[in-house]
Amino acid sequence: IGLGYVGLPLARLFSTKYPTIGFDMNPRRVEALMAGHDSTLEVSDELLKDAIDNHGFRCTSDIEEIRDANFYIVAVPTPVDKNNNPDLTPLFGASETVGKVISDGDIVVYESTVYPGVTEDECVPIVEKISGKKFNKDFTILTRTKYDYEFNTEEDGDVLATRTTPWRTSKKSPPAQLPKSAASSTMCIPLSSPLARILPPL
């Protein structure tokens, strides 16, 4: 959700392993991407066209096309106003979008950069209100912390995501049940592995 300089590269990469739909509210942005060009130049035309032609990646501004998804990544911008106060309007709008389509058991990742407390105190209540579902009962939230990552394709075809600081579960969420070997500060997780869906808390 959000096909900017963060959301598009993530969506393009995920599409090489999983059925992926990129959602953006701007129809012109969607039209340009489906024509094979990213105006931000974060994804080359070659990689974008390969994702569309060979991996089934598609972009849409039609909310109905993402209703059947079970893993949502919110990657909308968090700009600041003239007083350097964060404008969370795009984030709230994305939370409403999630609330309209989320189903029981779904996972939502907030990739947008925000200050502590925004996800749980501001975004989660919006998702709950719109969906009528309960956080930690009907759906799971993962929050983004600052990290560096790089992607490498191994000989066996797995794409490894190396994160110096992984996603964490919400502080209100039960601890993720993962092997001790997966708790290191730097992780290499095959995106084809279930571990790529829920990474351990910090």
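Predicted model: local features only at pLDDT ≥ 70, side-chain atom pairs only at ≥ 80, totals over all residues.
Helix H2 spans residues 27-34, and its buried residues include Arg29, Val30 and Leu33. These residues lie on the same side of H2, because they cover an arc of only 100° around the axis. An α-helix has 3.6 residues a turn, so residues three or four places apart point the same way. Arg28 and Glu31, on the other side of H2, are exposed. The cover over the buried residues of H2 includes helix H1 (7-14), helix H3 (45-54) and strand E2 (58-60).

At the N-terminal end, H2 is capped by Asn26, which has a side-chain oxygen 3.0 Å from the backbone nitrogen of Arg28. Just after H2 comes Gly36, with a positive phi of about 95°.

Gly4 belongs to the segment before H1. With a relative accessibility of 27%, Gly4 counts as partly exposed. Apart from neighbours within four places in sequence, Gly4 is in contact with Pro9 and with Arg29, the latter being one of the buried residues of H2. The C-alpha atoms of Gly4 and Glu42 are 8.5 Å apart, although the two residues are separated by 38 residues in sequence.

**The loop between H2 and H3**

Asp38 is located in the loop between H2 and H3. Its relative accessible area is 0%, so Asp38 is buried. When residues up to four places away in sequence are not counted, Asp38 touches Leu8, Arg29, Leu33, Val43, Asp45 and Leu48. Of these, Arg29 and Leu33 are buried residues of H2. A polar atom of the Asp38 side chain lies 3.0 Å from the backbone nitrogen of Val43.

His37 also has its place in the loop between H2 and H3. Its relative accessible area of 37% makes His37 partly exposed. Not counting residues up to four places away in sequence, His37 touches Ala32, Asp45 and Leu48. The side chains of His37 and Asp45 are joined by a polar contact of 3.0 Å. His37 and Leu47 are 10 residues apart in sequence, and their C-alpha atoms are 9.7 Å apart in space.

Most residues other than glycine have a negative phi, and most peptide bonds are trans. Leu41, which is not a glycine, has a positive phi of about 65°. Leu41 is found in the loop between H2 and H3, and at 64% relative accessibility Leu41 counts as exposed. Asn84 is a residue other than glycine with a positive phi near 65°. Asn84 lies in the loop between E3 and H4 and, at 60% relative accessibility, counts as exposed.

**Aromatic pairs**

A pair of aromatic rings is described by the distance of the centres and the angle of the planes. The count for this model comes to 3 aromatic pairs, among them the two in the table.

| Pair | Centre to centre | Angle between planes | Class |
|---|---|---|---|
| Phe14 and Tyr18 | 6.4 Å | 35° | tilted |
| Phe14 and Phe71 | 6.2 Å | 40° | tilted |

Phe14 lies in helix H1 and Phe71 in strand E3 (residues 71-74), so their pair ties together parts that are 57 residues apart in sequence. Phe14 and Phe71 are both buried. Phe14 has a relative accessibility of 16% and so counts as buried, whereas Tyr18, at 31%, counts as partly exposed. One aromatic cluster is formed by Phe14, Tyr18 and Phe71.

**Packing of H4 and H5**

Two packed helices are described by the angle between their axes and the distance between the axes. For helix H4 (residues 89-101) and helix H5 (residues 118-131), the angle is about 40° and the axes are 7 Å apart. The crossing of H4 and H5 is right-handed. On the H4 side, the contact is made by Leu91, Phe92, Ser95, Glu96, Val98, Gly99 and Lys100. On the H5 side, it is made by Val118, Glu122, Cys123, Ile126, Val127, Ile130 and Ser131.

Definitions and conventions:
Residues numbered from 1 in each chain as written. Heavy atoms only, no water. Buried < 20%, exposed > 50% of the residue type's maximum accessible area, 1.4 Å probe, protein only. Helix = DSSP H or I, 4+ residues; strand = E, 2+ residues; numbered from the N terminus. Arc of directions from axis to C-beta. Contact = heavy atoms within 4.5 Å. Polar contact = N/O pair within 3.5 Å; in protein donor to acceptor, adjacent residues only side chain to side chain. Phe/Tyr/Trp six-rings, centres within 6.5 Å; stacked < 30°, edge-to-face > 60°. Axes fitted to C-alpha atoms, helices over the stretch in contact; angles between N-to-C directions. Left-handed = near helix turned anticlockwise from the far one by under 90°.
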